[in-house]
Amino acid sequence: MSEALITAKVLHDCGHINLRGRRNDAAFVAAVESVCATSLPQALTTAASGDLRIYWLGPDEWSLVTTAEKTAALLAALNGATAGMHVAVNDLSAAFVTLALGGSKVRELLAKGCTIDLHPAAFASGACAHTGLAKAGVLLALQHVEFRLIVRRSFADYLLQWLHRSGAEYGIEFV
Amino acid sequence: MTAVNSRRVSFAGRIDRSQPLTFRFNGKSYRGFAGDTLASALLANDVALVSRSFKLHRPRGIVGAGAEEPNAIVQVGSGARTIPNLRATQVELYDGLEARSSRGWPGLRFDIGAITDRFSRVFAAGFYYKTFMRPKALWKYSEYFIRAAAGFGVAPTDADPDHYAHRNAHCDVLVAGGGPAGLMAALVAAKSGARVILADEQNEFGGSLLFATDLIDGRPATDWVAATVAELQALDNVTLLPRSTVFGYYDHNFLAIAERCSDHLGAAASGVRQRLWRVRAKQVVLAQGAFERPLVFCNNDRPGVMTASAVSTYINRYAVCPGGRAVVFTNNDSAYQAALDLHGAGATVVIIDSRRHGAGALGSLASETGIPVLQGHIVCDVAGREHVTGVSVAQWDGDPSESVSPSINIECDLLAMSGGWSPAVHLHSQAGGKNVWNEELLCFVPGVAVQQCVVAGAGNGRFSLHDALQDGIDAVGAALAKIGFKAADLTPPSSDGSAGRPTQALWRVPAALDPDRCPKQFVDFQNDTSVADIRLAVREGYCNVEHVKRYTALGFGTDQGKLGNINGMAVLAECLGETIPAVGTTTFRPAFTPVTFGLGAGENTGLLLDPLRTTAIHECHQDAGAPMEVVGQWHRPWYFPHAGEDLHAAVNRECLAVRTAVGIMDASTLGKIDARGPDVVTFLERIYTHNIGKMAIGRCAYGIMLREDGMLMDDGVMARIGEQQFYLTTTTGGAANVLGWLEKWHQTEWPELEVYLTSLTEQFSTIAVAGPKSRDVLKNAGCNIELDQDSFPFMSVREAELGGIPVQLFRVSFSGELAFEVNVASRQAATMWRQLAAAGKEFGITPYGTETMHVLRAEKGFVIVGQDTDGSVTPVDLRMNWLLSKDKDFLGKRSLARPDCVRDDRKQLVGLLSEDNRTVIPEGTQLVTDPAAPTPVPMCGHVTSSYYSASLRHPIAMALVSGGHARKDEIIFASLADGSAVPVRIVAPVFYDPKGERQHV
């Protein structure tokens, strides 16, 4: 393969915070949005503010991803702002591996192992979904033209091998 | 030796004469051209005999030109890349192609099995059942020879070196079949803005137009095909898939397509060989066309007998005329085209038309061309064994029940037959749709669709070109409307719309003798099923079409009756005095044509067969040379051998180290759940059996959970972190299930409870430090909190730092020794492992694996869920009554009072000691009370865990024994595989430190 049509990169500088809370609790939403400086995303989408991106995981669950450096402060701020509320704030930074996937054939590659519709009309920039990729569960999101793939730590080696093999027909470069 | 293409005619066809190719068939070398199929190239080289039939080993030739081919079944390629059972009619020729007949051993012309044909009356329907299944004793001798003689090709024995892949796809409209109706439908859908996938099994789009002589808009039909394909190619909402068979139509409009990406390239192939498309389509247009039926007359299986449309295909598409002196035998108009094509190719032709009135427009054309037509005549027998040499023709008045007297013999080397057309209703039927008999067209046509699909073209009984094109537009218009698209306004190009004269019902061609005594009239060529076989099946009581299928093998095999089924059902109907729709069809199942195993496996092979999960400390274990044990998807270190040690030596050493000094183990695979919220106590009280509310903050407890039926589901230590926060652990294998179980109860039954559950399994790694010196190791590692018994008692939890790294410290024990579990963020787990190993060096800290963990816990009688339990074990069976709260309700509690759960003879957990003090009873061994009892000896239980205990210097075992709790000190017997019975004594299942003093220091 002369030219790689897909690039894959492990993003090491990520912190993950799992947030549970009631969307219909105005005080909770206000507290989180003031800390995050962005509104909580609607179903199957993400929201961003600076280094922070919030992924919708479920009606009462979000994943907040920021830089490793800012994670502790964000955690503290969230805990402080939601003190006394029925929430769960957990640092899961060590639980996940984050990958960035780009290139002209990236949708074709993902479609080899992912059953959801990744056509631009169905999965546009800002979309996210908890889904399967090959035999691993992943959080898949699209930011502009680059996909984010968040996978549980113990599945990362498997998924990298899968990307390596499945991407071979298009040419995949790990950067 | 390279033979010449003696049958090639001067037409251009769709072959590329500038690209000659060499190939081998049954060891002999031949020439062909790019654009040929293996079948067309064989015919060009005048190779008529291509296989031996399945049962009778009769010589067989090419009958069809596509998926329906029953005889030309070949094995292509060699070694690990070989594919068996391909239809030569669908194998594209490439340079260097090697193929051999799937059947006919040792050679086609001297087939040993042909002797069965001489005794064909013995080999009638049901022969295998009757002769070889009973007496059973004979079958073991005859099976090998029967299977070898009846075989259908050979599976490769080496691993497949090729690359197969899967691809998921979504579309608004999937069009299956790229003939006139399919192309028209795809064009309309594409121009309407829908996302379209057009799949066709052939190497180029066009379907029947690739061999038709029809004109579209006054020009050759293939011009229209080329223009339409070019138009579709230019649209980015269209995916064109040539060489792609839609082979399965499953529930929820999910369809499977086999794309053959590089099979046609031979040695030049690279990249993906085949790709499985898994398509979710909002609407499906089925435009698969129709199959021409053979006619059922005596010796209709001789090489040189072909369907008329196949003859036209070979002439017009592949520039091969399969015969020089041809007879066309038909009951309908369409075969007249084959006669015209033969005439045009320079062959002499006679048409035998069973209808007294003859054909319409095509009939006039044939007469004008000077082709003789015998109306009201039939071919009743064929002469020639390895090739047709002539036919016997009789006058016929249309009565199917009477015998006829042949009056004319015609010499010929080709017999083109047409018994009418059957729509390819396969996918419609796979989707659940029924078929409706059309008495005018004499075929089943698709009835009401069950899924989101429409049928168009010849597959819908619209046989004329004009009708097919119009039907493509109409069908896709209806489909598009259902998903909110306004169909683009297209009109069909101008083409012939004449229907011809009606087809005559002629299911079994009358012969000179009655059907049971005349030469064989084949219905299913591949399975050698004849009219007489079907009649025999009926006489022997097999009247239902599904029974007849299984008794006669009608419709089995690689072609699944694409040619013969309707004729067979009509013969059956005649036999039963029923109508064809009353008899009905057999069930259509995937795959439409066979698919390879590689296609199904895709890229999920080798390391990718199943995810291999490793802990954050995995590298350290690899560096230590630990063999791995697969636990679910996890790879866990099994034991840590020193040089020269085997499993037993290493485990004995590791066990003694933990009992006398200190060991260290990676317990990271345990499931970990954060549970919190105002109602967390209420929630957990309902899940676990013990009293949650009484747990003090900072304390741990062993907890079990039951299924509704009262059986033990999972266990683990839990800790109360705060007033409204708990930390739960689960077994390694149960982690995902338990979280799902908790979420299920919370979301569906008790949504009013305010609880959040979050998996921490991957966030934290767990390192167990166990043994009398474990406290010293932690101190040495720089622990910042007091670790003495008073400050940090057994079964409690503390936040701490070890060497500056924040950890959660649990004082719990799965070995019965003083022990700690260190929870650390996974990113720092390997560092922590190394720090603890260094801190423990002076105490002889010993890494240990899953095997030692198992021995240590068994010495203490701690169960492992899934090993000592199997989903049929209650906590009472395990003597865990102390864990069952009487003060509250919990899942499974009421089931424990069921009569079955309080039987005295339930299998209950006990310990076993071998009376000889040295036999380690294999796990799984059955236990008996009296080994001398008459067989079958009643079994009273089985061994669940069994090890040699280095600390105790004798074997120990745990077992589930019927009524075991009341049988202490009884001697029972372990029944070993070698037939011996080893006496074992029932004891309490706690072998080491029964008072539990060692963990409280």
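Predicted model: local features only at pLDDT ≥ 70, side-chain atom pairs only at ≥ 80, totals over all residues.
A residue counts as buried here if 20 or more other C-beta atoms lie within 10 Å of its own, and as exposed if 12 or fewer do. Along H1 (residues 26-36), the buried residues are A:Phe28, A:Ala31, A:Val32 and A:Cys36. They sit on the same side of H1(A), because the arc they cover around the axis is only 120°. What do the buried residues of H1(A) pack against? Their neighbours are strands E2 (15-20), E3 (46-49) and E4 (52-58), together with helix H2 (68-81), in chain A.

Stepping back, chain A has four helices and eleven strands. Its radius of gyration is 17 Å, close to the 16 Å that the globule rule gives for 175 residues, so chain A is as compact as a globular protein of that length. Along the principal axes, the C-alpha atoms of chain A fill a box of roughly 55 × 30 × 25 Å. Buried residues make up 43% of the 175 in chain A. Among the contacts in chain A with a separation of 6 or more, 59% are between residues 24 or more positions apart.

Now for the strands of chain A. E3(A) and E4(A) pair antiparallel, with four bridges, and A:Ala47 stands opposite A:Ile54 in E4(A). These two strands make a hairpin with two residues between them, and A:Gly50 in the turn shows a positive phi of about 60°. E4(A) also pairs with strand E5 (residues 61-66) of chain A, in the antiparallel sense and over five bridges. In that pairing, A:Tyr55 lies opposite A:Ser63 in E5(A). E4(A) and E5(A) form a hairpin too, with two residues between them.

Another strand to look at is E10 (residues 146-152) of chain A. Six of its seven residues are buried, so E10(A) is largely enclosed by the rest of the structure. Which strands are joined to E10(A)? Strand E7 (residues 96-102) of chain A is one of them, running antiparallel to E10(A) with six bridges; here A:Thr98 has A:Ile150 as its bridge partner. Strand E9 (residues 136-143) of chain A is another, also antiparallel and also with six bridges to E10(A). In this case A:Ala141 is partnered by A:Arg148. E9(A) and E10(A) form a hairpin with two residues between the strands, where A:His144 takes a positive phi near 60°.

Chain B has 23 helices and 49 strands. Its C-alpha atoms fill a box of roughly 115 × 70 × 60 Å along the principal axes, and 55% of its 1001 residues are buried. In chain B, 66% of the contacts with a separation of 6 or more involve residues 24 or more positions apart. Six strands of chain B close up into a barrel in the order E44-E47-E46-E45-E48-E49, with antiparallel pairing. On average, neighbouring strands of this sheet are turned by 45° against each other, direction ignored. Within chain B, strands E45 (residues 926-928) and E48 (residues 971-975) run antiparallel and are joined by three bridges, with B:Gln926 opposite B:Ser975 in E48(B).

Helices of chain B deserve a look as well. Helix H23 (residues 850-859) of chain B lies across strands E46 (939-949) and E47 (954-962), at about 115° to E46(B). In helix H22 (residues 829-839) of chain B, the buried residues are B:Ala829, B:Met832, B:Trp833, B:Gln835, B:Leu836 and B:Ala839. They are on the same side of H22(B), because they cover an arc of only 165° around the axis.

Finally, the two chains meet. The contact takes 27 residues from chain A and 31 residues from chain B. On chain A, the elements giving two or more residues to the side that touches chain B are E2, strand E6 (88-91), helix H3 (106-113) and helix H4 (156-166). H4(A) gives the most, with six residues. By type, the chain A residues on that side divide into ten nonpolar, eight polar and nine charged.

Methods:
Residues numbered from 1 in each chain as written. Chains lettered and ligands numbered in written order. Arc of directions from axis to C-beta. Contact = placed C-beta atoms within 7 Å. Pairing = 2+ DSSP bridges. Axes fitted to C-alpha atoms, helices over the stretch in contact; angles between N-to-C directions. Nonpolar A, V, L, I, M, F, W, Y, C, P; charged D, E, K, R; others polar. Rg over C-alpha atoms; globule rule 2.2 N^0.38 Å.
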